[in-house]
Amino acid sequence: MRKFVRFSPILVVVLWLGVLAEQGQSQEAPPWAGNYCMSLFVKTRTAKTVGKDHLSLSFKSRWAEYDQRRNPQGEYDDLVAGDSYRRRCDVVCAKYGWAEDHHLAIGVPFLSSDYHVGATDIATHGLGNVFVFEKWNPIKETYYLPAVAFDAWVLFPTGDSAQKRGSSDCSVRFTMPVSKTWEHFSLHFHPGYQANCGDGPDILDLNGSVIFTPTKKSWPAIEYNYMDRDGKGVSHDFVPGFIWKYTKGASVKLAAVISADTNMSFRDEVGVVGKVFFRF
């Protein structure tokens, strides 16, 4: 029952959009519709698909150095001398538009963790949870309605919980990117729910972003990510950055990951994420 209550707001949004879809499809789209990328910096994704018969490749890297640890009173203290915790996640992702408004994707993450806290000493490098997903964009944007897509994911048990490289269990994930454009900016909302197939925590995500398009090639943007790991804690991150579309079908993204609030065991106040994208 608790999981249903946590997921029910997303179901309400899905039903509401379904009621409006038929009417919205017959309306005219604004000339700037779709003037955004398929994903932002960390978690937010948009309703856009790669395009039929097109292939895209991307490489994303995120660095984090956790400099604080939560104490029994719920406050954060700096790590004591000699303790350190660093993580890096590199993800290679390929997408192929196998049909109109559909694409399939596969992602291969490589995780590095250097965890030296107290008597625990872990230095590991290797695969995280390899994933595949199907994305479908059935609802197109009009002057009044947003574009809506649906993603269905499978995350394979290729990680290693004991080594802090993802999860040793498989998971399934469902997300619903919603996007709406105006002439000089666009808004994006991206809720998601991930159900663990084993004993690991389920995850509720609520992500959003605004992309500003003052020029054709340089787009400032800010992303917000909320994550609730069932029984493990919650986090709120703000991710300001920029997108440089240096040529047609290619872009570079760079942003800072700022921890606004969290009750997780460790906290990284400011991290960095970068991404390179090509579409063929």
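Predicted model: local features only at pLDDT ≥ 70, side-chain atom pairs only at ≥ 80, totals over all residues.
Let me start with the strand pairing, where E1 (55-65) and E4 (residues 84-99) run antiparallel and are joined by eleven bridges, with Lys 60 standing opposite Val 91 in E4. Strands here are DSSP runs of E with at least two residues, helices are runs of H or I with at least four, and both are numbered from the N terminus; two strands pair if DSSP finds at least two bridges between them. Residues are numbered from 1 along each chain as its sequence is written, and side-chain values use heavy atoms, with hydrogens and water left out.

Next comes an open sheet of three strands in the order E3-E2-E16, with antiparallel pairing. E3 (76-78) and E16 (266-267) stand at the edges with a single partner strand each, so one side of each has no neighbour in the sheet. E2 (residues 68-70) pairs with E16 over two bridges, and Arg 69 stands opposite Phe 266.

Let me turn to the charged side chains. The structure holds nine salt bridges, each being a side-chain nitrogen of Lys or Arg within 4 Å of a carboxyl oxygen of Asp or Glu. In one of them, Arg 45 meets Asp 151, with the closest N and O atoms 3.3 Å apart. Because Arg 45 lies in the loop between helix H1 (2-25) and strand E1, and Asp 151 in strand E8 (residues 147-155), the pair ties together parts that are 106 residues apart in sequence. Arg 45 and Asp 151 are both buried, a word I use for under 20% relative accessible area, with exposed meaning over 50% and partly exposed in between, for a 1.4 Å probe and protein chains only.

The side chains of Glu 141 and Lys 180 form a salt bridge at 3.0 Å, N to O. This pair links distant parts of the chain, 39 residues apart, with Glu 141 in the loop between E7 (131-139) and E8, and Lys 180 in E10 (residues 178-181). Glu 141 and Lys 180 are both buried.

Arg 173 and Asp 205 meet at 2.9 Å, N to O, and they are 32 residues apart, Arg 173 in E9 (residues 171-175) and Asp 205 in E12 (residues 203-212). Arg 173 counts as buried at 8% relative accessibility, and Asp 205 is buried with a relative accessible area of 3%. A network of salt bridges links Lys 43 with Arg 173 and Asp 205.

Finally, the second largest pocket has a volume of about 730 Å³. A pocket is an open set of points on a 1 Å grid over the protein atoms alone, where a 1.4 Å probe fits, with protein on both sides within 12 Å along at least five of seven lines, and lining residues have an atom within 4 Å of a point. The volume is the space filled by probe spheres set on the points, which are joined across faces, edges and corners. The second largest pocket is lined by 34 residues, with Gly 34, Tyr 36, Lys 48, Thr 49 and Arg 279 nearest its centre.
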